[in-house]
Amino acid sequence: MTLFPSKQHRIEQALLKGAVAGDSKASKEVIRLLSSPAYSLAWKMLGNKEDAEDVVQEAFIRLWKSADSFAGKSGLFTYFYAIVSNLCLDRIKSINKGFFEEFNELDHYPIQEIEWSNGEGISPESIQKAMNVLSSKQRMAMLMWTYQDMTAEQIGYALEMNKNSVDQLLYRAKLKLKAELEKGESHAIK
C-alpha cells in the first residue's frame with residue numbers, strides 16, 4: 001500500500017464523490033463498474049438471487065453513505081468488495097445457510113467470461129460441491145482470488161485481514177478443495 005493514492009485511485013475517488021453529489025453520469029458509471037462483479041460474488045457466497053440482490057443494494061447504500069471515508073488508498077473496487085464481503089458474511093451468520101442454488105456465471109457476469117477449468121476432467125458440479133465444503137471466509141477468499149484476480153493484499157483489505165493471514169487462508173482452502181475433489185474422484189471411479 002502506498003502513502004499517496006495513485007492517479008487511478010484519485011479518479012475513482014472523484015467519480016464516487018460526483019455520484020454522491022448527484023451527478024447521474026457518475027452514478028451510472030460507479031454502478032456499472034461495481035454491480036456485476038459484486039453481484040456475482042454475493043450470489044456465489046449466499047447461494048440465492050434475492051439475497052445477493054439485497055446485499056448489493058445495501059452495499060451501494062453503504063458506499064454512498066461512506067463516500068467521505070473513501071480516501072483512495074485502495075481501489076474503489078477493493079473498497080466496495082470489503083463492504084459486499086462483510087455484508088455477505090453477516091448474512092451467512094444470520095441465516096446459517098447450507099444450501100446453494102445453481103449459479104450460471106455467464107448469465108450474470110457478461111463483462112468477463114469465466115469458465116471452470118475442466119483440464120483434469122473435473123465437472124463443474126464437483127467443483128461447486130467442493131466449494132460448498134469451505135468455510136464462508138475460505139469460500140469468499142477463493143472466489144475473490146479465482147474470479148476477480150484479486151491479490152492477497154486486496155483480499156486482505158476486503159476481509160479485514162493481513163496478507164499473511166490471507167495467504168494461509170487460501171492455502172488451507174486449496175488443500176481442502178483438493179482433498180474434497182480427490183474424494184469425489186474416488187467415489188466416481190467405484
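Phe77 is partly exposed, with a relative accessible area of 23% (buried means under 20%, exposed over 50% and partly exposed in between, using a 1.4 Å probe and protein chains only). This is a predicted model, where local features need pLDDT of at least 70, side-chain atom pairs count only at pLDDT 80 or more, and totals for chains, interfaces and linings use all residues. Residues are numbered from 1 along each chain as its sequence is written, and side-chain values use heavy atoms, with hydrogens and water left out.

**Aromatic pairs**

- Searching the whole structure turns up 4 aromatic pairs (rings of Phe, Tyr and Trp, the last by its six-membered ring, pair if their centres lie within 6.5 Å; planes under 30 degrees apart are stacked, over 60 edge-to-face, and the rest tilted).
- One of them joins Phe60 and Phe80 in a tilted arrangement, 4.6 Å centre to centre with 40° between the planes.
- Phe60 belongs to helix α3 (residues 49–65) and Phe80 to helix α4 (residues 76–95), so this pair ties together parts 20 residues apart in sequence (helices are DSSP runs of H or I, at least four residues, numbered from the N terminus).
- Both partners are buried: Phe60 has 12% relative accessibility and Phe80 has 0%.
- Phe77 and Tyr81 make another tilted pair, at 4.5 Å centre to centre and 35° between the planes.
- Helix α4 holds both Phe77 and Tyr81, 4 residues apart, about one turn of the helix.
- Tyr81 is buried, at 1% relative accessible area.

**Cluster and charge**

- Phe60, Trp64 and Phe80 form one aromatic cluster.
- The charged end of Lys174 sits over the Trp145 ring, 3.9 Å from its centre (NZ of Lys or CZ of Arg must be within 6 Å of the ring centre and within 35 degrees of the ring normal).

How values were computed: Helix = DSSP H or I, 4+ residues; strand = E, 2+ residues; numbered from the N terminus.
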